[in-house]
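Please read the following walk through the structure with the model open beside the text.

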Amino acid sequence: MRRVCSRCGKERSEINLPYAKMSLCPLCFQEFYVNRIRRTVREFSMFKPDDRVGVAVSGGKDSVALLHGLCKAFPEADFVALHVDLGIEGYSQHCKVKVEELARNLNVDLFVFDLKEELGFSISDYARSRRGKVCSHCGVIKRHVFEELAERADVKVLATGHNLDDYVALMLNNFFAGNWIQLARLKVVLKPILPRQTVKVKPLIKTPEDENLLYCIYADIPFRDVNCPYAHTSRLRRNREILDFLTKYNPNFKYQALKRFLELIEILDASIKQPELRTCKVCGFPSSGEICAYCRRIEIMVRHDPS
Ligand code: Q46
Ligand code: ZN
């Protein structure tokens, strides 16, 4: 039997959303997707309509869907795309091409930080010189570089594409490990503690990951279709599988978990004292020690290759 869209009642439905008890046609799904971003931004007061907002865009489906969805949800707002070219062989060039194409299509300014050009080494160079997992170092470098890009682009708010699945899995990770300080830092709107930090916002926390992919396909958004060669299976991935399993029995499970975790974070935030930050004596950005984790990594690379 032909199923009809539960929203418009006319078109054939293609997307089943069990948690919302809806089945939508492609057009209604895109409206539903954009409306949810608009509602989430307003619910958590992520930014004001006249703010200039930076969007961290890696080229992956989540971040490109975020930039596109934000532009549709707030057509009057001033969004800029921020991208870090990590110099990962067989990967970064492809990502950059997709981000450039999207920025052109949406007519938004794009600021790119090229690691190799600006720092003299890429993540591939870093991987060759160090043993162990690359991702934690890459994460530290990206977090810092996005703050620098935000300064260059003159934005005080930085939006990232964390989706519902990743976010709840991350909360669960920190919960089981008893990492209360990290859990408390998973606020949907993370205010700056020191100057030179942006407000971090996550407009996709209520959006399941597979809907980002669907939105990219239906809205014809360019996104990367190769994987980073350093990506590996993590505990986060395993927790995601547990959450997916539970969601089969209760379609609302991830939303319920998100709601409770956000309540817990409020309590933790009020009772936990975050470690004091000072200014890194090399780069001047906030740091827990004399020299920040980013500058320590840069130093290792410079020592490794003094040329
Ligand atoms: S880019 Fe960097 Fe990711 Fe590649 S090295 Fe790991 S963290 S997997 S999102
Ligand atoms: Zn530093």
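**From the whole fold to the ligand shell**

A compact globule of 307 residues would have a radius of gyration near 19 Å, and the 20 Å found for the protein agrees with that expectation. The model is a predicted one, and every value discussed here was computed from it. Taken along the principal axes, the C-alpha atoms fill a box of roughly 70 × 45 × 40 Å. The secondary structure comes to 12 helices and 10 strands, and of the 307 residues of the protein 50% count as buried. The accessible surface amounts to about 16200 Å², and carbon and sulfur atoms hold 51% of that surface. Where contacts join residues at least 6 apart in sequence, 71% of them join residues at least 24 apart.

The salt bridges give a way to follow how separate parts of the chain meet. There are 24 salt bridges in the structure. In one of them, the side chains of glutamate 31 and arginine 7 meet at 3.2 Å, N to O. This pair links distant parts of the chain, since glutamate 31 belongs to helix 1 (residues 26-43) while arginine 7 lies in the segment before strand 1 (15-17), 24 residues apart. Glutamate 31 is partly exposed because its relative accessible area is 42%, and arginine 7, at 36% relative accessibility, likewise counts as partly exposed.

Helix 1 takes part in another such pairing. The side chains of glutamate 211 and arginine 36 form a salt bridge of 2.6 Å, N to O. Glutamate 211 lies in helix 9 (residues 209-218) and arginine 36 in helix 1, so this pair ties together parts of the chain that are 175 residues apart in sequence. Glutamate 211 and arginine 36 are both buried.

A further salt bridge joins the side chains of aspartate 165 and arginine 240, at 3.8 Å, N to O. Aspartate 165 is in helix 7 (residues 164-177) and arginine 240 is in helix 10 (residues 235-249), so parts that are 75 residues apart in sequence are tied together by this pair. Aspartate 165 counts as buried because its relative accessibility is 7%, and arginine 240 is buried with a relative accessible area of 6%. Asp165 and Arg240 also belong to a network of salt bridges, in which they are linked with Lys61, Asp62, Asp166, Glu209, Asp244 and Lys254.

Lysine 21, which lies in the loop between strand 1 and strand 2 (22-24), has phi near 50 degrees, a positive value in a residue other than glycine. With a relative accessible area of 77%, lysine 21 is exposed. Aspartate 220, placed in the loop between helix 9 and helix 10, has phi near 60 degrees, again a positive value in a residue other than glycine. Aspartate 220 is exposed as well, with a relative accessible area of 66%.

Two further residues show how parts separated along the chain come together in space. Cysteine 5 is in the segment before strand 1, and at 2% relative accessibility cysteine 5 counts as buried. Between cysteine 5 and cysteine 28 there are 23 residues of separation in sequence and 7.9 Å in space, C-alpha to C-alpha. Leaving aside neighbours within four places in sequence, cysteine 5 is in contact with Glu11, Arg12, Ser13, Ser23, Leu24, Cys25 and Cys28.

Glycine 87, by contrast, is partly exposed, with a relative accessible area of 24%, and lies in the loop between strand 4 (78-85) and helix 3 (92-106). The C-alpha atoms of glycine 87 and serine 122 are separated by 4.8 Å, although these residues are 35 residues apart along the chain. When residues up to four places away in sequence are not counted, glycine 87 touches Ser92, Ser122 and Ser124.

The last stop is the ligand. Which residues are around ligand 1? They are Leu86, Ile88, Cys135, Cys138, Lys142, Cys228, Tyr230 and Ala231. By class, the shell around ligand 1 divides into seven nonpolar residues, one charged residue and no polar residue.

Terms used
Residues are numbered from 1 along each chain as its sequence is written. Chains are lettered from A and ligands numbered from 1 in the order in which they are written. This is a predicted model: local features need pLDDT of at least 70, side-chain atom pairs count only at pLDDT 80 or more; totals for chains, interfaces and linings use all residues. Side-chain values use heavy atoms; hydrogens and water are left out. A residue is near a molecule or strand if one of its heavy atoms lies within 4 Å of it. Ala, Val, Leu, Ile, Met, Phe, Trp, Tyr, Cys and Pro count as nonpolar, Asp, Glu, Lys and Arg as charged, and the others, Gly among them, as polar. Helices (H or I, at least four residues) and strands (E, at least two) are DSSP runs, numbered from the N terminus. The radius of gyration is taken over C-alpha atoms; the globule rule is 2.2 Å times the number of residues to the power 0.38. Buried means under 20% relative accessible area, exposed over 50%, partly exposed in between (1.4 Å probe, protein chains only). Contact means heavy atoms within 4.5 Å. Accessible areas come from the Shrake-Rupley method with a 1.4 Å probe; for residues, only the protein chains shown count as cover. A salt bridge is a side-chain nitrogen of Lys or Arg within 4 Å of a carboxyl oxygen of Asp or Glu.
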